[in-house]
Amino acid sequence: MARHHNINGNIVPFTAEEEAQRDAEEQAYSDGAFDRAIADLRNKRNNKLAETDFYALSDVTMSDEMTQYRKDLRDLTTGLSTVEDVEAVTWPIKPE
């Protein structure tokens, strides 16, 4: 499908160079989809870890369930290689 510019109300088709540049931009964006998805997942995971950091203080005894929850969070990104993998992640349940 041909792309067009709207220049001062006139519809002007892209030149071959503009088409190639736009194709390259769209391909670069598509190629970065996994990196964006995993970065978002890590950010959410890190926030959940931060919410439980106080359990890891030296004067607090962390339960086995909380230890496992935090380990599961840290291991969440292991083995993920596609956007679909990232979107299918099952979050561990935070213990009471």
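**View 1. Salt bridge between arginine 3 and glutamate 26**. In this predicted model, local features need pLDDT of at least 70, side-chain atom pairs count only at pLDDT 80 or more, and totals for chains, interfaces and linings use all residues. Residues are numbered from 1 along each chain as its sequence is written, and side-chain values use heavy atoms, with hydrogens and water left out. The side chains of arginine 3 and glutamate 26 meet at 3.0 Å, N to O (salt bridge: a side-chain nitrogen of Lys or Arg within 4 Å of a carboxyl oxygen of Asp or Glu). Because arginine 3 lies in the segment before β1 and glutamate 26 in helix α1, the pair ties together parts 23 residues apart in sequence (helices, H or I, at least four residues, and strands, E, at least two, are DSSP runs numbered from the N terminus). Glutamate 26 is partly exposed at 42% relative accessible area, whereas arginine 3 is buried at 17% (buried: under 20%; exposed: over 50%; partly exposed: in between; 1.4 Å probe, protein chains only).

**View 2. Salt bridge between arginine 3 and aspartate 23**. The N to O distance is 2.8 Å. Aspartate 23 belongs to helix α1 (residues 16-31), 20 residues from arginine 3. Aspartate 23 is partly exposed, at 40% relative accessibility.

**View 3. Arginine 22 and glutamate 25 in helix α1**. The closest N and O atoms of this salt bridge are 3.4 Å apart. The residues are separated by about one helical turn because they are three residues apart in the helix. Arginine 22 is partly exposed at 34% relative accessibility.

**View 4. Antiparallel strands β1 and β2**. Four bridges join β1 (residues 4-7) to β2 (residues 10-13) (pairing requires at least two DSSP bridges). Histidine 4 stands opposite proline 13.
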